[in-house]
Each structure stands twice: as C-alpha cells, then as structure tokens.
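I open this notebook to record what I looked up in the structure, entry by entry.

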Amino acid sequence: MTVQTLSTVKSHGGTQGVYSHVSRETGTEMTFSVFLPPQAGSGAKLPVVWYLSGLTCTHANVTEKGEYRRACAELGLIFVAPDTSPRGEKVPDDEAYDFGKGAGFYVDATREPFADHYRMYSYVADELPALIAAHFPADMARQAITGHSMGGHGALTIALQNPDRFRSVSAFAPIVAPSRVPWGEKALSGYLGDDRAAWRRYDATALIEDGARLPEILVDQGDADSFLAEQLRPELLAEACDRAGIPLTLRMQPGYDHSYYFISSFLEDHLRWHAARLSA
C-alpha cells in the first residue's frame with residue numbers, strides 16, 4: 001500500500017495533495033487527490049467526504065474547480081477525489097466519451113476485455129478506503145459520499161450497498177436509473193453483458209426497489225441541464241424513494257446546467273449538510 005506524493009500545496013491553512021499508487025483492483029497506477037484541513041495537524045482523526053466525478057473527468061476536475069477547500073477547512077473535513085477509471089496503454093478503451101477510459105461507471109466489469117482492469121466499484125468501496133485509513137488521519141467511522149452525474153450514480157449505488165459505512169449521501173445531477181437511460185444502458189451492457197438482472201446492483205432505483213435503504217438523500221439538479229430529460233431523470237429516484245419511505249430532498253435549481261459552475265455553487269451547502277451528520 002505504498003503511496004507516492006505527486007504534489008502538495010497549502011490552501012486555506014490545510015494541504016491539497018495529489019497522490020498515486022499501484023492498484024491491486026485495476027492492475028494500474030491510480031491517481032487521487034486529498035485535501036487535509038488545518039485540523040489534521042492536531043493529531044485528531046477527521047471525518048471523510050468522498051467525491052466521485054462524472055464522465056470524462058479525473059480527480060483534477062473537482063480539485064481545480066470545486067471550490068470546496070474553504071468549507072472543508074472550516075468544518076474539519078478530509079475531502080477525497082478518486083479517478084473515474086483505470087488508465088494506461090494496456091487498458092482497453094473506446095473512441096466514445098461515455099465508455100472506456102474516463103467512464104468506469106463505478107462497476108466491477110465482468111465482460112471481456114474490461115474485466116481485468118475496470119473494477120472501480122471495488123476500488124472505490126474497498127481498496128482506496130483502506131489506503132486512506134492507512135496513510136491519512138481519517139476517521140473511517142465518519143464517512144460521507146457525494147458525486148456528480150456518473151459520480152452521483154456511483155455515490156448512490158455504493159452508499160445503498162454499504163448503508164452502515166456512510167453517515168450521509170448526496171449527489172449533483174446523478175444518473176439515478178442507468179438501466180433506463182442511454183448512458184447507463186451502453187455502460188452496463190458493455191461492462192456486464194446483456195443480463196439486466198446483473199445490472200440492478202449498479203442502479204440506484206433498482207437497489208431501492210430490491211430493498212436497499214438509506215436514512216435520507218440530498219440531490220441538487222439544475223433545471224437547465226441539457227441531460228436532464230434523457231439521461232438523468234431524477235423523477236425516477238423521487239418515485240422510488242417515495243414508495244420506499246426514504247426521505248429525499250430533491251432541489252431543482254433554476255437556470256443551472258450540468259457544469260462545475262453548478263456544482264461549485266452548491267458544493268459548500270452539501271459539505272455543511274454532511275458535516276452536521278458526521279458530527280452527530
């Protein structure tokens with residue numbers, strides 16, 4: 001579990017770092033970023049917020065555009081941003097932006113040639129948390145998870161499969177029902193094959209239909225998002241949560257699109273929401 005430090009810089013009294021390691025799950029070198037707030041210098045263990053990025057992104061998108069460090073420094077939150085897929089010359093890819101590198105969809109692939117490397121569910125849910133616990137002052141009893149678009153899908157499905165691990169879950173413009181939208185159908189069939197029953201563990205609405213539960217969920221969605229009607233369909237999550245009795249706060253934000261202008265506008269609000277639950 002050796003970690004290489006690629007860069008560190010001081011910000012808001014804390015440290016923004018970028019790190020890499022060789023992953024046993026993906027069989028590749030993986031890069032991730034961690035913001036340590038100034039409270040990390042006290043020797044105390046601090047709560048962790050996981051941020052999962054969307055299609056075409058790496059750790060760098062939220063690290064450079066997310067505007068989260070001031071709030072994390074104030075609230076004493078460690079902020080971890082993994083990559084979205086394995087990388088490297090030997091990793092199979094696709095010419096399209098929505099499949100292959102940059103589009104791991106937070107699943108463990110079972111279909112060749114992707115099965116050897118595309119194990120992003122196990123990487124994010126198991127391997128990287130163990131590494132964070134070993135190398136950073138993280139209180140793994142206090143974890144929260146959030147994400148954007150494909151990463152919002154990942155945050156919801158990982159939390160629904162591990163409800164005892166995360167004290168809170170939120171999302172920005174998540175793909176809530178990948179089994180029923182073009183992005184998800186392409187990814188799930190490509191990584192898992194045509195058996196739709198195997199897709200259900202990676203579909204938030206299907207997991208809820210199958211009995212998975214969370215205490216509550218926060219979702220922000222821009223109503224000017226060009227992907228809203230075809231790819232995101234938050235109404236399906238609202239319907240599933242209503243039937244299951246899961247409290248869902250779904251905030252439709254007037255005029256906002258799918259970009260980091262939208263995410264950065266509400267990320268601090270999500271962090272404060274998570275911090276309240278992480279401190280309880």
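Cysteines. I looked up C241 in this predicted model and found a relative accessibility of 2%, so C241 counts as buried. C57 also counts as buried, because its relative accessibility is 8%. I then asked how far the sulfur of C57 is from the closest cysteine sulfur. That closest sulfur belongs to C72 and is 18 Å away, which is too far for a bond. A disulfide needs sulfur atoms within 2.5 Å. I recorded zero disulfides for the structure.

Strand β7. I turned to residues 166-172, which form strand β7. Six of its seven residues are buried, so the strand is largely enclosed by the rest of the structure. I next asked which strands pair with β7. Strand β6, residues 138-147, runs parallel to β7 and is joined to it by three bridges. Within this pairing, I145 stands opposite V169 of β7. Strand β8, residues 217-222, is likewise parallel to β7, again with three bridges. Here I noted F172, whose bridge partner in β8 is D220.

Nonpolar core. I looked up the largest nonpolar core and found that it has 88 residues. F79 and Y191 are the residues with the most contacts inside it. I listed the residues that Y191 touches, leaving out those up to four places away in sequence; among them are F99, F105, V107, F114 and Y118. The list also includes G100, G104, T110 and R111. As a general note, nonpolar side chains tend to be buried together in soluble globular proteins.

Key. Residues are numbered from 1 along each chain as its sequence is written. This is a predicted model: local features need pLDDT of at least 70, side-chain atom pairs count only at pLDDT 80 or more; totals for chains, interfaces and linings use all residues. Side-chain values use heavy atoms; hydrogens and water are left out. A nonpolar core is a set of buried Ala, Val, Leu, Ile, Met, Phe, Trp, Tyr and Cys residues joined through side-chain atoms within 4.5 Å. Buried means under 20% relative accessible area, exposed over 50%, partly exposed in between (1.4 Å probe, protein chains only). Contact means heavy atoms within 4.5 Å. Helices (H or I, at least four residues) and strands (E, at least two) are DSSP runs, numbered from the N terminus. Two strands pair if DSSP finds at least two bridges between them.
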